[in-house]
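Subject: Structure for you to look at

Hello,

Here is the structure I said I would pass on. Please open it first; my notes on the side chains follow below.

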Amino acid sequence: MDALRWLIPLLALVVIFVVGGRAILSLSSRRSEEPLICTTCGAQTDMPHTKTRGLFAVEVVLWLAFVIPGLLYSLWRQSTRQKVCPTCGSATLIAANTPDGRKLAAKFSEGKS
Ligand SMILES: [Zn+2]
């Protein structure tokens with residue numbers, strides 16, 4: 001029973017960290033959203049999908065077995081999270097309101113007509 005005494009607060013901590021971290025990150029990415037253009041297919045969006053690398057299961061196991069690697073793994077997953085194009089799934093989105101983005105938008109709209 002001794003093991004359970006620290007396992008439960010630890011589990012609670014993991015859940016708070018993972019869920020809280022995710023909520024903060026999704027809030028901050030929503031705030032900074034700007035029009036984006038995909039350099040692969042030319043689709044423009046201001047609501048890119050996000051793709052997180054790694055596995056949630058690995059994260060949980062690492063947290064339970066070793067707290068420090070779990071923390072590092074969580075941080076790595078959150079920091080390597082990518083914005084991907086909702087049309088083609090490529091992680092090649094750039095801001096549409098930059099000179100490069102405008103050039104690209106012009107290029108793709110030319111190709112269409
Ligand atoms: Zn695309």
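Rings of Phe, Tyr and Trp (its six-membered ring) count as a pair if their centres lie within 6.5 Å. Note that this is a predicted model.

Aromatic rings. There is 1 aromatic pair in the structure. Its members are Tyr 73 and Trp 76, with 5.7 Å from centre to centre and 35° between the planes, which makes the pair tilted. Both residues belong to helix H3 (residues 67–79), and because they are 3 residues apart there, about one helical turn separates them. Tyr 73 is buried, at a relative accessible area of 17%, while Trp 76 is partly exposed, at 35%.

Charge over a ring. Lys 107 lies over the face of Phe 108, 5.5 Å from the ring centre.

Salt bridges. Side chains of opposite charge can pair when their charged atoms come close. The count here is 2 salt bridges.

One of them joins the side chains of Glu 59 and Arg 77, at 2.2 Å from N to O. Glu 59 is in helix H2 (residues 56–65) and Arg 77 is in helix H3, so this pair ties together parts that are 18 residues apart in sequence. Glu 59 is buried, with a relative accessible area of 1%, and Arg 77 is buried too, with 6%.

Another salt bridge is formed by Lys 103 and Asp 100, whose closest N and O atoms are 3.8 Å apart. These two residues lie in helix H4 (residues 99–112), 3 residues apart, or about one turn of the helix. Lys 103 and Asp 100 are both exposed.

Regards

Terms used
Residues are numbered from 1 along each chain as its sequence is written. This is a predicted model: local features need pLDDT of at least 70, side-chain atom pairs count only at pLDDT 80 or more; totals for chains, interfaces and linings use all residues. Side-chain values use heavy atoms; hydrogens and water are left out. Rings of Phe, Tyr and Trp (its six-membered ring) pair if their centres lie within 6.5 Å; planes under 30 degrees apart count as stacked, over 60 as edge-to-face and the rest as tilted. Helices (H or I, at least four residues) and strands (E, at least two) are DSSP runs, numbered from the N terminus. Buried means under 20% relative accessible area, exposed over 50%, partly exposed in between (1.4 Å probe, protein chains only). A charge sits over a ring if NZ of Lys or CZ of Arg is within 6 Å of the ring centre and within 35 degrees of the ring normal. A salt bridge is a side-chain nitrogen of Lys or Arg within 4 Å of a carboxyl oxygen of Asp or Glu.
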